[in-house]
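I opened the notebook to look up a few local features one by one. Each entry keeps to what I looked up.

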Amino acid sequence: MGAGAGGLAAAVLLARDFDVTVFERAAAPGGKIRQMDVGGGLIDAGPTVFTMRWVFEELFAAAGASFSEAVQLKSLHTIARHFWRDGSSLDLSADRQQSADAIGAFAGSEEAQNFLRFCDQTRHIYETLQNPFMRASKPSLTRLVVQRNPLALIGINPFETMWTALTKRFRDPRLRQLFARYATYCGSSPFAAPATLMLIAHVEQEGVWVAENGMQSLAQAIADVAERNGAVFRYESHIAKILLNDRRISGVALSSGEAVAADVVLFNGDPGALTAGLLGGTVCNAIKKPHDTMLSQSAITFAMRAHSNGDDLSVHNVFFAEDYRSEFDAVFGERRLPQTPTTYVFAPDRLDNTESGSDERLFCLVNAPPTTNNVEFDEKELELCRTRMIDHLKTCGFELQPVGTVASTSPTDFAAMFPGSRGALYGMANHGWRAAFQRPGVRTRLKGLYLAGGGVHPGPGVPMATLSGMAAAAVIKADCALT
Ligand SMILES: Cc1cc2nc3c(=O)[nH]c(=O)nc-3n(C[C@H](O)[C@H](O)[C@H](O)COP(=O)(O)OP(=O)(O)OC[C@H]3O[C@@H](n4cnc5c(N)ncnc54)[C@H](O)[C@@H]3O)c2cc1C
């Protein structure tokens with residue numbers, strides 16, 4: 001149940017061998033992969049950065065389909081453009097040497113060398129974790145130790161925070177900030193996340209793509225393959241209860257009252273929905289309940305049409321605030337909005353080289369706390385956040401004038417869209433070396449109930465959630481062969 005990335009991947013791989021029905025409360029597949037209408041045109045309003053293409057190639061190949069035929073992707077040479085309030089800017093490109101040259105011109109040749117060493121280390125972390133950790137159905141320190149030599153494990157730097165590690169690697173505070181931002185891809189603070197998360201820098205170096213017809217085309221393409229293989233999709237079908245018979249899963253009950261029998265239920269919603277009892281009291285102990293303080297961050301997003309002038313945008317852009325630490329202290333410590341928010345701006349029309357000054361589609365995102373301390377993000381708060389964001393962009397040299405309605409999404413909205421999440425978009429934050437081993441795995445304590453998605457091992461992000469769905473399918477097949 002749930003047609004997010006994890007649920008879709010599992011449906012693709014299970015549909016040939018089992019009778020699969022996907023119940024999805026929304027009207028279309030994708031979950032957090034979604035689009036919004038801005039002045040007659042659609043724009044991605046969830047994930048926009050497409051990485052780890054190999055995951056989707058493997059998924060489609062396993063289902064006898066061709067990924068490159070199903071989804072039109074455009075590879076980006078400039079993976080992101082970064083702006084600071086002092087007027088400086090830096091492009092990172094998919095070409096490692098070109099990025100090093102740009103860093104050399106930006107911060108000096110020593111920093112360019114530091115970057116090249118950083119790339120070697122992030123590749124090492126990625127290669128160490130790819131098979132024994134990312135592809136596994138549950139996190140296991142023992143498996144890592146058995147499959148990898150202990151020296152390699154120390155090299156992935158699990159005991160140091162990302163910020164401390166970056167402070168040792170780069171002198172320029174702007175470069176520390178730039179690479180520290182990768183912690184937010186997992187909804188975490190670089191001041192608490194382990195340096196291991198620096199592997200995300202390698203993931204981007206391996207390639208960043210844009211889905212030419214929007215990320216929704218990816219979700220739809222995966223749903224189409226699942227359907228061709230026999231899966232049945234039932235949209236606008238909210239599961240209100242998971243049914244048990246003698247401590248074994250026996251089916252689901254929809255909010256309409258309809259009951260559907262099933263031997264196996266794969267839950268792709270937020271694992272917090274189970275522990276909060278939103279799927280019935282009998283399944284609330286199926287996994288361990290995480291503490292509120294462990295929840296990842298949320299976001300406030302603004303989708304709009306806008307005129308702009310000033311510095312040129314790339315497709316992916318980041319405008320850094322001055323005081324990074326206070327931003328994370330606000331979101332994770334005080335659980336409030338930061339005063340000056342680092343802002344991500346997605347400008348898909350720049351793929352076609354839109355000139356600044358013309359009317360274009362933009363999607364802006366700032367970090368925000370989840371709704372744990374019952375803060376309501378009302379219109380007034382959103383308006384204030386938008387004003388501060390636009391002021392911040394202006395200080396960085398980019399003037400933005402929305403044209404028409406700005407469609408915002410707050411943590412309160414995300415909490416309503418994804419029950420049990422309380423607006424936290426990435427499950428539990430990756431804070432401390434233990435966090436990666438505390439995420440729920442595919443199996444639960446209940447026979448017949450399985451999990452997949454960004455709140456589950458190996459973690460958030462479209463490719464990682466997809467990997468969890470693929471792992472779930474393998475585990476279900478294995479368990480069903482045994483019973
Ligand atoms: C604003 C934003 C930006 C992001 N940017 C990126 C990015 O650039 N790149 C990247 O890789 N990742 C990004 N992510 C993260 C990525 O989108 C997610 O980690 C991933 O899509 C989660 O997939 P999932 O399998 O957990 O399912 P979800 O997307 O969480 O979907 C779960 C589905 O289950 C359904 N559901 C829940 N409960 C029920 C129920 N009771 N009955 C029926 N259906 C139910 C929901 O409606 C939903 O469709 C971003 C996320 C957000 C929100």
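I started with burial: I call a residue buried if 20 or more other C-beta atoms lie within 10 Å of its own, exposed if 12 or fewer, and partly exposed in between, with C-beta atoms placed from the backbone. This is a predicted model, so I kept in mind that local features need pLDDT of at least 70, side-chain atom pairs count only at pLDDT 80 or more, and totals for chains, interfaces and linings use all residues. Residues are numbered from 1 along each chain as its sequence is written. Helices (H or I, at least four residues) and strands (E, at least two) are DSSP runs, numbered from the N terminus.

**Entry: helix 9**

I asked how many residues of helix 9 are buried. I found 6 of its 8 residues buried, so helix 9 (residues 173–180) is mostly covered. The buried ones are L175, R176, Q177, L178, F179 and A180. I then looked up what they pack against, counting two residues as in contact if their C-beta atoms, placed from the backbone, lie within 7 Å. The partners are strand 5 (78–83), helix 4, helix 5, helix 8 (162–169), helix 10 (199–205) and helix 13 (324–334).

**Entry: helix 4 and helix 5**

I took two of those partners next. Axes here are lines fitted to C-alpha atoms, for helices over the stretch in contact, and angles run from 0 to 180 degrees between N-to-C directions. The axes of helix 4 (residues 96–107) and helix 5 (residues 109–134) come within 7 Å and cross at roughly 145°. I noted the crossing as right-handed. A crossing is right-handed if the near helix is turned clockwise from the far one by less than a right angle, and left-handed if anticlockwise. Helix 4 brings R96, S99, A100, D101, I103, G104 and A107 to the contact, and helix 5 brings S109, E111, A112, F115, L116 and C119. By class I have 7 nonpolar, 3 polar and 3 charged residues. For classes, Ala, Val, Leu, Ile, Met, Phe, Trp, Tyr, Cys and Pro count as nonpolar, Asp, Glu, Lys and Arg as charged, and the others, Gly among them, as polar.

**Entry: helix 1 and helix 11**

Helix 1 (residues 5–14) and helix 11 (residues 216–228) have axes that come within 8 Å and cross at roughly 25°. That makes the two helices roughly parallel, the word for angles under 35 degrees. The crossing is left-handed. The contact is made by L8, A9, A11 and V12 of helix 1 and A219, I222, A223, V225 and A226 of helix 11. I count 9 nonpolar residues in this contact, with no polar and no charged ones.

**Entry: the ligand shell**

Which residues are closest to the ligand? I found G2, G4, G31, G269 and G453, in a shell of 35 residues. Helix 1, strand 13 and helix 17 (462–482) are the elements that give two or more residues. Helix 1 gives the most, with 3 residues. The shell divides into 18 nonpolar, 14 polar and 3 charged residues.

**Entry: R422**

I found R422 in the loop between helix 15 (411–417) and helix 16 (435–438). R422 has a positive phi of about 50° although it is not a glycine. Is R422 buried or exposed? R422 is buried, because 22 other C-beta atoms lie within 10 Å. Leaving aside neighbours within four places in sequence, R422 contacts G272, L295, P370, T371, T372 and A415. I noted that G272 is 150 residues away in sequence, yet 8.4 Å away in space, C-alpha to C-alpha.

**Entry: E236**

E236 also turned up with a positive phi of about 50°, and is not a glycine. I placed E236 in the loop between strand 8 (232–234) and strand 9 (239–245). E236 counts as exposed, because 12 C-beta neighbours lie inside 10 Å.

C284 sits in the loop between helix 12 (271–275) and strand 13 (298–310). I have C284 as partly exposed, with 15 other C-beta atoms within 10 Å. Beyond four places in sequence, C284 contacts L274, T275 and G277. P458 lies in the loop between strand 18 (449–451) and helix 17.

Conventions. Angles under 35 degrees count as roughly parallel, over 145 as roughly antiparallel, 65 to 115 as roughly perpendicular and the rest as oblique. A residue is near a molecule or strand if its C-beta atom, placed from the backbone, lies within 6 Å of it.
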